[in-house]
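Let's take a friendly walk through this structure. Have the sequence and the 3D view ready as you read.

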Amino acid sequence: MSASRTSGTTDALGPDEDPVNESPGTSAAEAMPGSELLAALLDGMDAALCAFDADGTITHWNREAERILGWSAQEAVGRHGFAGWAVRSADAADVQARLMAAMDAPGRQVNEFALLRKDGGRVLVRTQSAGVRGAEERPAGVYCAFSEVHAQIDLERAIALSEALLDDAAWGVVLVDVDLRPTVVNSLAARALGGDRAALLGRPLGELIVQGVEDLEGSLHHVLAEGPPPAPAELWVTLRTPEGDRRRCWRNGFLRLASPLAEEPVPLGVGWLFQDVTAAKLAEQEADRLRFRTNQLHRAAGSAAECEDPMEAATSTLDYALAGFADHVVVDLLPSDDAPLPVRTLSTPAEGPGPCLPVSGGGVPVRYATGHPALQSLDREGSVRASAGGGAETWALERQWPRDSVHALCVVLRSRGRTLGVVTFLRTAHRTAFERPDAAYAETVAARVAAAVDLARLI
């Protein structure tokens, strides 16, 4: 092959070939001269390329080689090796020998050389060389593709990063296409989603996530249209697993994937990275809840201290305790130690939110059925939790509680070793059921209410 001196690139003609003549019956591709076609192909390559004949003379030199070293095709083609211009004299023999060794060796040879730029600077390149065979498979020369080492290292780092993210990352990594279906799932993400890596591919996210999938898909659509958000976002989801539904909190990061080969950015999908932060969020919520409740108890104590009437102090304490804790409260007191029926003495309005007040008319006895949670609390002298399994309105009315109640927590009132009654906290359907930490808080409130009730009876 010989180089074209006029075009400044390369020539597609061999030393003994004739130019391709265009004929009326040929196609556009066939009509293009061979030299122009090869020149376009070589100059369009992302890698620098040069070629040597069997004697070591340069026959081809493309534009990327010119960009890296600064030497044009006119200056490079026809020179014998790199000696005296593109490599130091001390290194010339070794570089030439290692390059030309590829002519007789099978496969490709990879080497790193320090070459000289036209401006005198040095650049470290990584080369891949292979022999060229001529007639009867005899060695005819060598072609050499090379690139700057730092560019090659950047590529290798990018590939290594991708492989590490998809195998060993501490974050779950999912690549989704423009239809929001997973195309790649790493091991941690597969465990978090509760499935096998291969089984998750191509499945709609709605099949894996019971609640929260709308928010997740909305974020993915936004990334495809507008780009990634400036900071990670936290999202609560409920997952469908063989063991049942699980509620988890994920901290999510998103990256829009676009083709680097397109003239305009073409979305290929979204890289979704997430980390399970459920334990940390629950601990944070519990700390906030404890801080709030402690503050409410402090405020309740200050308010009660200013009340002349002990029963007013009891109702004030319950008002502070209800904030963020329950929707209703009722207090049933025992008139005496041997009284058979408790008396509804204090309560909040049954129709909706309101302050805790004494029952009008001085209170009425309540005839609770056997097994009522309030009676269980009195018998055990402890706390009892209960929730409506079905038919919430009937469940509440049968127990003589406000009709919208679905969760109850009954706590006994005791002071000076005596049982004074029971206080019942009630929640509606928009709240979760009472849990053990809620019972501990309610017992603290009940102790203060019992002390106020006991004082009211003494005076």
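## A buried pair

The side chains of Arg 293 and Asp 438 form a salt bridge, 2.8 Å from N to O (a salt bridge is a side-chain nitrogen of Lys or Arg within 4 Å of a carboxyl oxygen of Asp or Glu). This pair connects distant parts of the chain, 145 residues apart: Arg 293 sits in helix α10 (residues 278-305) and Asp 438 in helix α14 (residues 436-458). Helices (H or I, at least four residues) and strands (E, at least two) are DSSP runs, numbered from the N terminus. Arg 293 and Asp 438 are both buried (buried means under 20% relative accessible area, exposed over 50%, partly exposed in between, with a 1.4 Å probe and protein chains only).

## About the model

This is a predicted model, in which local features need pLDDT of at least 70 and side-chain atom pairs count only at pLDDT 80 or more, while totals for chains, interfaces and linings use all residues. Residues are numbered from 1 along each chain as its sequence is written, and side-chain values use heavy atoms, leaving out hydrogens and water.

Lys 118 belongs to the loop between β3 and β4, and Glu 75 to helix α4 (residues 73-76), so their bridge ties together parts 43 residues apart in sequence. Lys 118 is partly exposed, at 44% relative accessibility, and Glu 75 is partly exposed too, at 26%.

Glu 381 and Arg 414 also meet in a salt bridge, at 3.2 Å from N to O. Elsewhere, salt bridges link Glu 234, Arg 251, Lys 281 and Glu 284 in a network.

## A five-stranded sheet

Now find the open sheet, where five antiparallel strands follow the order β2-β1-β5-β4-β3. Strands count as paired if DSSP finds at least two bridges between them. At the edges are β2 (58-61) and β3 (109-116), each with a single partner strand, so one side of each has no neighbour in the sheet. Three bridges join β1 (residues 48-53) to β2, and Cys 50 has Trp 61 in β2 as its bridge partner.
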